[in-house]
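Here are a few notes to read alongside the model. Have a look at the fold before going through the points.

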Amino acid sequence: PFVGCNVLLNISDPSDGSFIPGSTSFFGTIATENFGFYRLEANGPQTDGQWASLLGRDVETAVADGLLGRINLSQWNNGPYLIKLSAYDTAENLTGECVIQVTLNNN
């Protein structure tokens, strides 16, 4: 699998390094070869160093410069979070990952 954001796998909004409110929509593209599903996860002050699902499920619909998911993090601790968009193929093999960092600010 590849690591890094590219035109076939990216989070376009919020942008890397941005501050986000507790209720946030994530936008981007997931159009990798032999696409099966994607996961959107976070790792930060609320997750004790583990990757936690932001959507609570795998999403089996490819997205072209559109909505990846609406997330409510208003009960989460403020601070820096890594956000990971992972692509899997139809055989459930990881094919790529895009990671950005955002700072949650619930104030």
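1. Let's begin with Glu41, which sits in strand E5 (strands are DSSP runs of at least two residues, labelled E and numbered from the N terminus). This is a predicted model, where local features need pLDDT of at least 70, side-chain atom pairs count only at pLDDT 80 or more, and totals for chains, interfaces and linings use all residues. Residues are numbered from 1 along each chain as its sequence is written, and side-chain values use heavy atoms, with hydrogens and water left out.

2. Is Glu41 buried or exposed? Glu41 counts as buried because its relative accessible area is 13%, and the cut-off for buried is under 20% (exposed is over 50%, partly exposed in between; 1.4 Å probe, protein chains only).

3. Who surrounds Glu41? Setting aside neighbours within four places in sequence, Glu41 is in contact (heavy atoms within 4.5 Å) with Trp51, Ala52, Ser53, Leu54, Leu82, Ile83, Lys84 and Ser86.

4. On pairing (at least two DSSP bridges between two strands): E2 and E4 run antiparallel over 4 bridges, with Asn10 partnered by Thr29 in E4. E4 also pairs with E7, antiparallel over 7 bridges, and there Gly28 stands opposite Gly66.
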